[in-house]
Amino acid sequence: MITTTPIPLVTCRGVTRTYGSGEGATTALRGVDLDVLPGELTLLVGPSGCGKTTLISIIAGILKPTAGSVKAADQNLGFMTERSLAAFRAQHVGIVFQQFNLIPTLTAAENVAVPLTINRRPPKPSRTAVQHLLNEIGLGDRGGAFPSQLSGGQQQRLSIARAIVHQPRIVVCDEPTSALDQQTGRNVMQLLRAHAVQQNRALLVVTHDQRIFEFADRVVHLEDGRVTGDERIQRTPAGSLPQSEYVAPSQSPCP
Ligand SMILES: Nc1ncnc2c1ncn2[C@@H]1O[C@H](COP(=O)(O)OP(=O)(O)OP(=O)(O)O)[C@@H](O)[C@H]1O
Ligand SMILES: [Mg+2]
């Protein structure tokens, strides 16, 4: 049988990041080498302060490394201007922030639609795609609510929908289930993993949540700014979740 190794969608080499300078400097990452493969869920775990948020922010093109290189979605982020990094993020990256970062003056539906608006997708299919995702996350009837009128868990689900609505090639999530109950957490992880597997996207999730581990294909351990472990989780059959657990979302109408 011939097996081919997938080409990584993200390649980090020697990534180092120091905040500040002189006496007060903090080195958050110390030479991280990491490839993130498409079509699977990679978890990034490690103690508080070990550099997880720093690493996914660099991969997402929000933060620049002090040293080292990052290639993501075929682009070498180190050589890009702020303007082209912004365009890269808008087109290729979906981000679920630790603090959700919803826009308070926009409704739930408008918040989810932001990446489509930025990418100038046509309005009608965009509205359909947003409603489809709102239904998927159980907020189909709350599209007109403002974030302040929603619970923390509902806001977190909106931020997850916003991260995948434009079908980005790379999705990074910082503790995406921290505000969710058991069943809702499972539902959003199934939605996120389906996005990665069915569309062959890279999905990198920072978590302390043991409940997420059953969805992982791979677990990368970070400690004190270094990768200290990299485990592949065996799945049967052919990389799928147990049949009883897997709920395939309907086809997204988003172009
Ligand atoms: N803006 C900043 N200025 C200075 N130091 C920072 C900044 N952001 C992070 N750090 C430091 O960098 C290190 C790594 O921080 P980071 O937020 O990446 O950790 P983390 O693994 O995400 O932690 P947590 O699990 O608590 O979210 C920490 O020592 C932190 O104090
Ligand atoms: Mg963090």
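Which residues lie nearest the centre of the largest pocket? They are Val93, Ile95, Val114, Pro115 and Ile118, out of 15 lining residues. Please keep in mind that this is a predicted model, in which local features need pLDDT of at least 70 and side-chain atom pairs count only at pLDDT 80 or more, while totals for chains, interfaces and linings use all residues. Residues are numbered from 1 along each chain as its sequence is written, chains are lettered from A and ligands numbered from 1 in the order in which they are written, and side-chain values use heavy atoms, with hydrogens and water left out.

A pocket here is an open set of points on a 1 Å grid over the protein atoms alone, where a 1.4 Å probe fits, with protein on both sides within 12 Å along at least five of seven lines; lining residues have an atom within 4 Å of a point. By class, its lining has 10 nonpolar, three polar and two charged residues.

Turning to ligand 1, there are 13 residues around it, and Ser48, Gly49, Lys52, Thr53 and Thr54 come nearest, where near means a heavy atom within 4 Å. As for polar contacts, which are pairs of N or O atoms within 3.5 Å, a polar side-chain atom of Ser48 lies 2.5 Å from an oxygen atom of ligand 1, and a polar side-chain atom of Gln98 lies 3.2 Å from an oxygen atom of ligand 1.

How values were computed: Polar contact = N/O pair within 3.5 Å; in protein donor to acceptor, adjacent residues only side chain to side chain. Nonpolar A, V, L, I, M, F, W, Y, C, P; charged D, E, K, R; others polar.
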